[in-house]
Each structure stands twice: as C-alpha cells, then as structure tokens.
Amino acid sequence: MAMKEHGKLTERQFAGIIANTLLGAGTLLLPRDITAVSGTGAWLSVLIGGFISIILLLLLINLGLRFPEETIMEYGMRLTNKWIGGLIGIAFCTYWLFITGIIVRIFSLMLVSSVLLKTPLEVIVIAMLLTVLYFSRSDLQIVGRVNEIYFVFVILPIMYALFLGLREINLIRVLPLTGGKGIMPILKGGLKSFFSFLGFEIVALFIPSLTTQKLAYNYSLKGIVTPLVAYIITMIVSVGVFGVEELQTLVWPTLELIKVTPFPGLLLERMEAVFIAFWVVAIFTTAANVYYASVVGFTQIFKLKEHKTLTLTLLPLAYLSAILPDNLHDVFEYVDIVTKFAAGLIITTIIIYFAAIFIKGRKGDERS
Amino acid sequence: MKKKTIRERINEILSNRTDNPGEKAKKEKLGQKLKENLKLIEDIIGFSDDVVVREFQLGGKTGIEAAIIFVDGLTDRQTINENILKPLLIEKFSKEEIPLKSDIIKFIKEKTITINELQIVDKLEKLINGILDGDTALLVDGYIDTFLLNTRGWDKRSISEPQSETVVRGPRDSFTENFRTNTALIRRRIKHPALRIKGISIGKYSRTNIAICYIEGLTNKYIVEEIKERISNIDIDNIQSSGTIEQLIEDNHFTPFPQLLSTERPDRVAAFLLEGRVAIIVDGTPFALIAPITISIFLQSAEDYYDRFIIGSFLRVIRLLAIIIAMTLPALYISVISFHPEMIPTQLALAFAGGRAVVPFPAYTEAFIITILMELLREASIRLPDPVGSTIGIVGALIVGEAAVSASIVSPFMVIVVATDTIASFAIPNYSTAIAFRLVKYPLMILATIFGLYGLVLGLIILSIHLAGLKSFGIPYLTPMAPSRLGDLQDTVLRPPIWSLRKRPEHLRTKNEKRFSSTGDDDGYERTR
Amino acid sequence: MRSRKRFLPFLLILLVSIILTGCWDLKDINRRVMVVALGLDLAERTETENYEYISMVKLTAQVAIPEKLSGGAGQPLTIGAEAVWNVSAIGRNVSMCYVNLQQRLQDELFLGHTRVLVISEDLAREGLSRYMNFFRNNPEFRRLSYLLISENKAEDLLNTFPKTANLQAIYLMNLIEDEIQRQTMPDLPFIEIAIRDVTSGVDPIAVLISSDKETGNIKYSGLAVFRGDRMVGKLDVEETWSYLQLAEGKLSGLQVVRDVESEIGRLSIVFKDLKRKMRLVLTEKGNFKFECKLSFEGIIFSQEVPAVYTKEIYLDQLENRVSTEVKREIETVFYKVQQKYNADIFGFGELVKAYMPEEWKRIEDWHEEFKKVELELDVETIIRRSGMHM
C-alpha cells in the first residue's frame with residue numbers, strides 16, 4: 001500500500017535491480033573463498049548456490065504475488081500476527097543494514113589495499129555511504145531508473161574482462177571439472193557461494209510495485225541468471241588463469257585477474273583502475289539497493305509516513321557495521337555468519353508464511 | 001459608520017493616491033458620451049505622448065461625433081488613414097439608411113469600415129488593452145459599444161539566419177521577435193488543419209502574447225493541459241523572454257539541466273510538434289520552447305535528420321563523446337596524474353612527469369587555474385563585438401597558454417587538456433546543456449582531487465541519480481534509457497534510417513488516453529506484445 | 001520540504017569536513033620516482049649486525065629521469081645511459097632494501113612502471129620465494145612485468161646500455177616481447193613464475209639473460225630451470241626451443257639438418273605450424289607415460305647445396321630427417337631436465353592432476369614420480385615450400 005505512492009517499476013527495472021544487487025562484493029571474494037573448499041569444482045558450487053537462490057527467489061515471488069498490493073513487511077504482519085511478522089521484518093531489515101556495511105567495508109578494503117593506499121578506510125566508507133544516502137532518499141521510480149542504467153555499466157566491463165581473460169586460461173588448471181574431492185566439498189562450497197547471491201530477497205519489497213505482475217517470474221529469472229552466469233565464468237577464468245593453489249594466496253583474486261590480463265593495445269595500459277571504477281558502480285548498486293530496502297522495510301513495519309527520515313538515522317548503523325570488523329579475517333568471519341543467518345532467515349520466513357497461508361486456508365487478500 | 005483606525009485611514013488615502021491605472025481600467029465603465037469616454041481613457045493611459053486621439057464627425061449630415069485612438073508606433077498609419085478615416089469621413093451617413101440609432105454601429109461594422117479584423121467591445125479594460133496592443137479604438141458618441149480595429153504594424157526584424165543553431169545543409173530561417181511572424185513560420189511548415197495555435201497573454205505589465213502550439217489528435221491531451229495550466233498560473237509582472245517562461249513552468253528548479261528545449265529554428269519546432277511535443281512561442285523573443293524534453297534530445301542537432309543515417313549516427317556519437325570529454329576530462333587528468341600514474345603507458349608517463357617537473361603547483365591547482373582562466377576568456381569573448389571577439393578568443397587562448405607554459409605555471413599537457421575540453425563543450429549542440437555539463441565539471445574535479453578515480457566515479461553516480469530524478473512534464477528525463485523504451489532507444493545515440501523511424505516516440509504516449517500528472521506517473525505500460 | 005532543509009546543512013558540513021582534511025593519496029606524477037627496472041643481487045655478508053649470517057641482498061633500481069626524457073622541440077634526445085640513473089641499496093631482504101633506497105631519493109618510489117625484474121643467478125640458486133613475496137604484496141608492481149635471471153650480476157645488466165636503446169628497460173622489454181612473438185622464448189611474466197612456484201605439479205622457469213657492460217650487448221641466452229624455488233640448471237637457447245615445442249607447442253627457431261643427398265651441406269628449416277597432442281597413460285608398472293605427437297609444417301629457410309627438393313623421395317627423406325632430429329633434441333632436453341635437474345618444467349604434474357585426480361592424491365612427492373615418467377614422442381614433419389629459390 002505504501003509503496004504505491006512511490007510509483008511503479010518496469011519489468012526491466014525489476015530485473016536490473018536483482019542483477020545489480022547481486023553483482024558486487026561477491027565477485028571480489030568469490031574465487032578464493034570457494035576454491036579453498038571445493039578446488040576446481042568451484043564452479044559447480046556456484047551453480048548449486050545459484051540454484052538454491054533461484055528456488056528461494058521463485059518461492060518468495062510466489063508468496064508475494066498472493067498479496068499483490070502489499071510488500072512482505074505488510075502482509076507478513078497481517079498474515080501472522082503483528083509480533084511475528086514484525087520480528088521477521090526487523091530481522092530482515094537489520095540484516096540488510098548489516099550487509100550494506102559489510103559490503104562497503106569489503107570494497108573499501110580493496111580500494112585501500114590496491115589504489116588509495118593512504119586514504120583512511122573510514123573516509124572511503126563514508127564517501128560511499130553518503131552516496132548511498134543520497135540515493136536512498138529517492139522514490140522507487142528513481143531507484144528503478146538508476147538500476148536500469150547501471151546494469152549496462154556493471155555487466156559489460158565484467159564480461160569484457162572475462163572474455164579477454166579467456167585468452168589467458170591454461171585449461172589444464174581448470175580440470176578436473178568436479179574438483180576430484182567428492183561431493184561434500186562441492187556442497188559446502190555451495191553454501192559459501194550463497195553469499196554472492198544475497199540480496200535477491202529484497203524483491204519481496206518491490207513486487208507490489210511491479211507494473212505487470214505476472215511477468216515477475218520471467219524477469220526475476222532474467223535478473224538472477226545474469227549474475228549466475230557471470231559468477232561461473234569468473235570462477236572458471238580465475239581458476240584457469242591462476243590455478244587453485246595460487247588463488248589461495250590472493251586476497252582479491254578478481255582484481256589480480258584484471259591485473260594480469262593484457263588489454264589489446266589500448267590507450268591505457270593498466271586497466272585495473274578503470275575496472276575498479278566500474279566496480280564502484282557495481283558495489284554502489286548493491287549497497288544502495290539493500291540500504292534502500294532496509295529503510296523502506298523499517299518504514300513499513302513501523303508504519304511511518306515517508307522513508308526519508310529514516311535514511312539519515314539508519315546510516316550510522318550501517319557505518320558501524322562497516323567498521324566493526326577489526327581486520328580482514330574478521331570480515332570473512334562476518335561474511336560467513338551473515339550468509340548462514342540469511343539463508344536460515346529466508347528459508348524460515350518462507351516456511352512460516354506458507355504455513356500461515358495454508359492454515360488460514362485461503363489466499364490472504366484485502367477483499368475478504 | 002464604524003470609526004476607522006488611523007492606520008486604515010492612511011491606507012485608504014495612500015491607495016487612492018497611487019491608484020494603479022490598471023486597477024482603474026478594471027473598475028471604470030464606458031459611458032455613452034464620447035467626451036467622457038475620451039477623458040476616461042486619456043486619464044488611464046496618462047496622456048502619453050505617443051497616444052493619438054483624433055476626433056471627427058461621421059460623414060454625411062448626421063453630425064454624430066466620433067473619435068479614434070491609437071498608439072503611434074504600434075499602428076500602421078496608412079491603414080488608419082485609408083481604411084478607417086477615409087470610409088468614415090466619406091460615407092454619407094443618412095438618417096434614411098440608418099433608421100435606428102443602434103444601427104450605426106452595425107452599419108459601420110458591416111458596410112463602412114474596410115478593416116479585415118475588428119471587434120466590438122464595451123469593456124473599458126479590453127478597449128485599453130486593445131489600444132496598447134496596436135489596435136485602433138473607434139468611439140462613437142452616444143454609444144457604449146466601441147470598435148477595436150486591427151491596425152497593427154510596427155518595425156520588425158526580417159527573417160534571418162539562426163545565431164546559435166547553424167547547420168550546413170538545411171533551412172536557414174529562424175524565428176524573430178515578432179509573434180505573428182513566428183507562428184506563421186510554423187504554419188508554413190505544418191499546413192495541416194490539426195495544427196493548433198492557442199494564445200494566452202501572460203505578465204501583468206508586459207502582457208506578453210504566448211502561444212501554445214500542438215497537433216490536435218496527435219499530441220497527448222494531458223501534456224497540453226498541463227502546460228496550459230502551468231502557464232496560466234504564472235503570476236508575474238514581466239515576461240521578456242522565453243527563458244523566464246521556462247523557469248516558471250519547469251518541474252525542477254534546483255538543477256543546471258534544462259527541462260525545456262529552446263530553439264530558434266522553425267523546422268525543428270515542426271519536427272518536434274509532429275513527434276508529439278508541444279511548442280511555446282513567446283512574443284518578443286526568437287526562441288521557442290519545446291516540452292516535454294528528454295536528455296537524448298540534447299544530443300541532436302537539426303541536421304542529423306537531413307543527412308544520411310550513417311553520417312547522422314556518426315555525428316551523434318561524436319557529440320556523445322564531446323559531452324563525456326567536456327564533463328570528465330580535467331577530472332580524469334587529475335586522477336591519472338596524481339593518483340593513478342600507472343594507467344598510462346610508460347613513455348607517456350615519463351613525458352608527463354617531465355612536463356610537470358618545473359611546475360610548482362600540484363596537478364589540481366594547475367587544472368583549476370587554467371579551467372577558470374578559460375571560463376573567463378569565454379565570458380569575455382561573448383561581450384566583445386563580433387570581429388574583435390573571436391580574435392581575442394584565439395589570441396587570448398594561444399598567448400595565455402603559451403605564456404603560462406613558459407612561465408612554468410602550467411604544464412603543456414594541461415593546456416592540451418583544457419583546450420580539448422573547451423572544444424568539446426563547443427561541440428554540444430544545445431547551449432544550455434553545454435553550460436550544464438561545463439558546470440558539472442567542477443564538482444567532479446574536486447572529487448577527483450580527493451579520491452582520484454574513485455571520487456570521479458562517485459561524482460558521476462551522484463550526477464546520474466540526480467538526472468534520473470528529473471522529470472520534464474511527467475516524462476522522466478532519462479527516457480529512453482531509463483525507463484527503457486526499446487522502440488525509442490534506436491534514436492538516442494545513433495540515428496536510424498528514416499524508414500525505420502516510423503513510430504512516434506513511445507514515451508510521449510501520443511493518442512493514448514493514459515493519465516499523466518506531473519507529480520507521479522507510472523513508468524510501466526501495458527504490454528501488448 | 002522540512003526534511004530537505006534539515007538534511008542539506010548536515011550534508012554540507014560533512015562534505016566540507018571531508019574536503020578540508022586533505023587528499024591523502026594525491027601524489028603528483030612528477031613527485032614520484034619512476035622505477036623502470038629492478039635488479040636483485042646477493043651482497044656480501046659483511047654486515048656486523050648480521051647475526052643470523054644470512055645473505056644480504058642488493059636492490060638496484062633503474063630510475064628514469066623525466067626531465068631529460070620529455071625533451072621538446074629542438075632539444076637533443078636523451079638516450080641510453082643519460083636517461084636513467086641506477087641506484088642501489090643493501091639490506092636484509094627486499095623490503096629493507098626498498099626502505100634504504102627510499103632514503104636516498106627525494107621523491108617517493110613508484111613501482112607502477114617497472115617493466116623488468118632482474119635477479120642474478122646466484123640469488124636464484126639460493127631460492128626465490130623469500131624475495132618474491134615483497135612483489136606479490138605490493139599493489140603497484142606490475143604482475144605482467146618480466147622476471148629475468150641474469151648470468152652476471154643484475155646491477156651490471158642494468159648498467160649495460162645497448163646503443164639503440166632509448167630507455168634500457170624498454171629495450172629489454174621489447175627484446176623479450178619480440179622473442180615471445182617469434183615463439184622462440186616462453187612468455188614468462190612475473191605472475192606466471194609465481195604461479196608455477198606455488199602450484200604443485202609444475203616447476204618455475206625463467207628467461208636467462210647475459211650481458212656485457214663493455215660492449216653494451218644484451219643477449220637472451222636460454223632458460224633457467226628451477227626446482228621448487230631454487231635454480232638448479234640452465235638450458236641454452238636451442239634447448240629452450242625444444243622445451244617450447246614439447247611443453248607449449250610453440251614453433252621455435254631454426255632447425256638445421258644435413259642435406260639428404262650429399263650428407264655434407266646443411267639445410268635450415270623454419271617451422272610454420274605445429275600441432276601438438278598429449279595423452280596421459282598410466283602404465284602397468286605404476287608410473288606415468290606421456291604420449292606426445294607433434295606434427296610440424298615447415299619451409300626450407302636456406303640451403304647450402306644446390307639440391308632441388310621437388311622430387312618426392314628427397315622431400316620425404318628430408319622430412320624424416322627433420323623429424324628424427326627434432327625428436328632427438330626434444331628427448332635429450334627432456335631427459336636432461338628429468339634426470340639431471342629433476343624439475344618438472346613441462347607441467348606434466350598438472351596434467352596428472354587434471355586428468356587423473358585420484359592418482360594425484362596418491363602421490364606424495366611428484367618429483368620422485370617425475371623421475372620415472374616415460375615420454376613417448378612421435379614427430380612428423382611436412383615441408384611445404386622452399387622459399388623463393390628452387
């Protein structure tokens with residue numbers, strides 16, 4: 001109900017939001033993290049992680065379509081009672097807030113380690129968060145439009161770099177395709193890869209604002225498959241170029257990948273600064289979308305009139321979660337915790353809400 | 001009677017003293033006696049020197065007195081003499097032909113005056129406005145009804161070439177300051193009955209004529225309504241140029257980016273009208289306004305469509321490049337030189353380092369100094385009269401640049417950067433957009449100074465968020481890129497062949513009854529395919 | 001809007017405070033020292049504080065002098081020795097050398113444009129990984145710069161100025177890139193060597209350069225063979241060609257064989273195409289066999305004798321001869337590397353890892369296994385044309 005006043009989203013914007021939110025921090029850390037667990041079978045892990053995400057996404061959309069006018073916060077509170085729905089909502093919003101901070105932290109860490117060596121981390125974080133703040137004050141339409149434009153800027157460079165990287169692959173290093181260690185490591189890797197897919201659940205807030213709701217499945221699939229393909233290619237190329245052992249020694253494998261890919265005779269030689277520039281956009285979309293979801297979510301739970309007031313108040317919390325980890329290893333720990341928490345939260349929510357629908361015996365609709 | 005307070009009394013006296021003639025014109029009424037009417041009119045107009053009153057008697061033996069009032073300079077005296085005075089003086093008014101008194105007016109109107117446009121008015125305000133518009137007022141003693149005869153004529157500039165939108169191949173006529181000339185120029189290019197030109201008069205004192213032009217049955221009704229409403233709501237004293245109108249009706253004031261296009265060229269106006277847009281002509285200025293506008297329009301120049309599509313596309317791409325360069329080049333320079341020197345090839349990096357070795361300032365100071373210098377030069381060259389202006393521009397740039405390099409204030413590369421930047425901004429076809437992008441350059445430079453490339457990107461992100469939020473009369477500014485309308489995308493960066501431009505731009509929703517409002521529209525549209 | 005009014009001043013204050021605090025990473029290009037080449041040598045162990053008595057290293061940085069290079073119209077072009085300055089510093093490891101070096105320079109060292117990293121043979125024989133980590137950790141350092149092993153001291157190499165070199169480091173780099181293009185040298189950027197070092201199943205190799213300071217000659221003299229991170233041997237240029245043909249399927253340089261008819265004159269054959277097929281087989285004996293088939297296509301580059309090779313028989317014989325020669329040479333190199341140096345520079349271990357992962361898990365020490373590896377080589381040659389002259 002509240003979202004309607006903010007305007008509507010086109011289907012392409014919907015897909016764009018999903019794709020942009022996913023493409024971000026995951027690309028930076030993915031290869032090392034997952035190959036540590038599943039070796040050369042890492043791409044399979046990503047596939048599995050992606051699959052699980054797709055299923056969860058479709059379930060969420062199904063859930064959301066039963067309440068065509070309400071977002072998950074609203075129907076959640078109506079479907080179950082105020083407290084359960086509210087608690088779930090708050091859990092989501094807090095986790096989104098936390099993710100915003102973590103993602104900005106990860107990216108800022110990368111910047112500080114490679115390009116802006118002397119700039120204090122806090123400053124980089126604040127700069128990004130301020131931009132996120134400016135963005136989050138907009139209406140939904142602007143969110144949609146910005147995501148739509150940025151999609152091109154986010155996906156093209158990644159794809160371009162990856163295709164150039166294909167030249168550098170030493171195919172031997174990609175084999176054996178299944179990792180040679182058995183199925184368990186691949187599954188464990190799948191859970192880890194889930195981190196790169198986090199954020200898709202924010203669509204639960206945007207379903208009511210979609211213009212043609214029956215196309216939601218269609219476009220959300222388009223939105224999630226693109227990052228999935230990008231991740232798989234990234235994985236294969238990273239492993240192909242570096243080999244599993246070397247990958248373990250690289251903190252920022254995708255960045256290193258860019259560093260070792262020679263670009264055909266362009267004016268600029270070391271393209272990584274340019275790619276970092278595009279990455280800023282990718283990270284920005286992720287952090288901004290998730291922060292926006294968090295703000296809007298809280299607005300709906302507490303039934304406030306507009307979301308602009310909360311944008312400022314919640315920002316310090318995001319900042320805190322960005323500077324909370326002390327060092328890189330803390331960051332990885334938090335990533336792990338958050339991934340598990342998110343997976344659990346989403347699955348639990350889906351179960352609870354579907355159960356509630358079942359129990360109430362009908363499609364929860366305003367009309368009755 | 002209630003005792004008035006002192007304050008109220010003072011107010012009363014004051015308001016009586018400074019009685020606005022305009023107010024008076026509204027309050028007073030015409031009477032039947034000629035002399036009284038004349039006095040009233042002269043009183044309101046204030047006995048200005050250029051207002052001429054000619055009293056006479058109608059021809060024939062009736063002895064009825066009449067008078068004409070007109071403003072010298074706004075009227076064509078020949079017409080007044082030949083077509084008003086002459087027939088009235090020569091005509092033999094006789095009591096037989098005109099049985100009733102009231103018939104005189106009818107008689108004059110239908111049988112005597114040889115003017116092609118006239119009105120009969122009985123309201124004083126309308127009469128006075130008419131006189132000030134250039135009509136001649138004809139008053140007949142004993143009648144309240146008066147005539148307003150169209151005798152407008154004044155010195156005007158003839159149609160010449162456009163000053164700011166020159167093309168190589170294409171029509172060269174441009175609008176002038178004369179309202180009727182302008183509307184005629186449009187009429188001549190759209191000779192279809194559906195073309196509507198609706199006039200309004202805006203501005204309390206300037207009473208400027210404004211016309212809203214659109215194509216009936218093609219342009220979306222609600223856009224027209226919205227524009228009409230906004231214009232009618234303008235409450236201001238003085239409209240001297242279309243720029244004022246633009247500022248008063250635009251959606252968003254806090255942005256350097258224009259939401260209406262101003263153009264001097266009637267061929268462009270005609271093309272825009274047929275796409276489904278609305279044109280606003282303002283009397284007294286040769287610039288017409290077009291609304292609604294999206295950012296892709298600013299990439300276009302009229303010529304794009306007159307040449308073949310490959311050429312048109314090529315030129316558009318060049319212009320897009322120009323925009324990007326004009327906006328980001330100095331910031332890029334700062335980022336690369338100060339933060340990321342590994343980005344340029346080694347030989348070049350060494351050349352840069354060598355060039356900068358003797359400069360005492362850091363790169364950003366250099367950049368700021370010389371860009372501001374360039375702005376000053378530009379402003380200066382606009383003020384100077386034509387032949388001197390361009391020379392000074394070139395000479396100034398060359399000499400100052402050379403001197404600065406020799407004095408080691410700036411490095412030679414900086415001069416190249418700034419020169420390219422300036423040239424690029426000249427390549428942007430629309431003046432207001434060019435300025436907007438020039439302006440954006442500075443915050444980007446500041447951000448680049450603090451964070452290098454990261455800052456530049458953040459700045460561009462903020463810029464795009466800002467642009468995404470702009471609307472022009474309900475149409476999002478960044479259409480057709482966001483929200484994307486695939487059908488319209490083809491005409492953005494590239495120019496597709498004429499035969500492929502069959503459909504009108506989707507985002508203008510021509511012939512479509514979907515509701516529009518300027519505060520919220522829906523980005524989605526029903527998918528029928 | 002109320003919220004906007006409250007928001008803006010806050011934002012402004014925040015922005016201004018950020019701006020005022022300064023631009024931390026801003027370092028103009030002319031305040032940076034452009035290091036175009038680096039050299040690492042062993043230094044004398046004479047430091048009195050050298051309690052652990054480990055080797056000291058000497059880091060030599062070749063620094064470009066931009067003022068001399070930028071020139072301008074009408075100024076003489078500075079090349080060679082005038083254009084650069086080689087500075088050295090001694091320290092316990094690379095990072096300490098780096099710091100010592102920085103103390104001598106007015107501007108900050110910048111490694112973003114370092115094109116070559118030269119390591120002297122002595123140091124390579126001691127073990128590389130101790131020193132490589134500095135470069136791996138450094139974000140400025142180009143991963144694609146070339147790591148070279150110098151037969152003389154690295155410092156000497158950096159001080160050798162060929163007469164046509166504008167910038168010595170660029171000269172080196174161009175030399176290497178050209179050789180790589182001609183497929184006579186393996187493409188070994190820094191990252192490749194690092195990867196080989198870390199990856200089990202393959203050993204690093206590096207390009208060998210020798211130099212002569214007096215004459216200003218720099219020469220590509222083959223390959224340095226590593227076992228783990230220590231250099232254990234060398235291959236000369238022809239042997240490197242054989243390595244290239246076997247391991248990477250590259251064409252390499254000239255192949256010289258005796259003339260079929262007269263058995264005296266020599267013919268030089270140049271290969272134009274090579275197709276390589278590799279197969280891994282586990283023999284009954286429990287060791288690995290690599291079956292490799294090489295199909296060459298070549299032309300006659302020049303011949304000493306006027307024999308005409310249009311006749312079928314002669315051509316066939318020539319082709320056979322070439323094949324035999326090539327096979328012999330490759331096998332010699334292989335056995336030399338396998339037995340004498342015991343280094344798997346060909347990457348056979350990776351093949352096992354890729355195609356037989358279970359077997360790979362079984363192996364404890366690949367180097368031991370590698371000694372038992374069999375190579376079955378089958379070479380085929382087709383000679384297409386003979387140039388301009390019959």
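**View 1. Paired strands at one end of the sheet in chain B.** In this predicted model, B:Lys198 stands opposite B:Ile212, which belongs to strand β7(B). The two strands concerned, β6(B) and β7 (residues 208–215) of chain B, run antiparallel and are joined by eight bridges, where strands are said to pair if DSSP finds at least two bridges between them. Helices (H or I, at least four residues) and strands (E, at least two) are DSSP runs, numbered from the N terminus. Residues are numbered from 1 along each chain as its sequence is written, while chains are lettered from A and ligands numbered from 1 in the order in which they are written. Because the model is predicted, local features need pLDDT of at least 70 and side-chain atom pairs count only at pLDDT 80 or more, whereas totals for chains, interfaces and linings use all residues.

View 2. Axes are lines fitted to C-alpha atoms, for helices over the stretch in contact, and angles run from 0 to 180 degrees between N-to-C directions; two residues are in contact if their C-beta atoms, placed from the backbone, lie within 7 Å.

**View 3. Two crossing helices in chain A.** Helix α11 (residues 216–242) of chain A and helix α13 (residues 253–260) of chain A have axes that come within 10 Å and cross at roughly 60 degrees. The crossing of α11(A) and α13(A) is left-handed, a term used if the near helix is turned anticlockwise from the far one by less than a right angle. To the contact α11(A) brings A:Thr234, A:Val237, A:Ser238, A:Val241 and A:Phe242, and α13(A) brings A:Pro253, A:Thr254, A:Leu257 and A:Val260. By class, six of these residues are nonpolar, three are polar and none is charged, with Ala, Val, Leu, Ile, Met, Phe, Trp, Tyr, Cys and Pro counted as nonpolar, Asp, Glu, Lys and Arg as charged, and the others, Gly among them, as polar.

**View 4. A hairpin in chain C.** Strand β8 (residues 217–227) of chain C pairs with strand β9 (residues 230–235) of chain C in the antiparallel sense over five bridges, and C:Leu223 has C:Leu235 in β9(C) as its bridge partner. Two residues lie between β8(C) and β9(C) in this hairpin, and C:Gly228 in the turn has a positive phi of about 70 degrees.

**View 5. The side of chain B that touches chain C.** Here 21 residues of chain B are in contact with 23 residues of chain C. Helices α11 (309–339), α12 (346–356) and α16 (431–451) of chain B each supply at least two residues of this side, and the largest share, nine residues, comes from α12(B). The residues on this side of chain B divide into 13 nonpolar, six polar and two charged.
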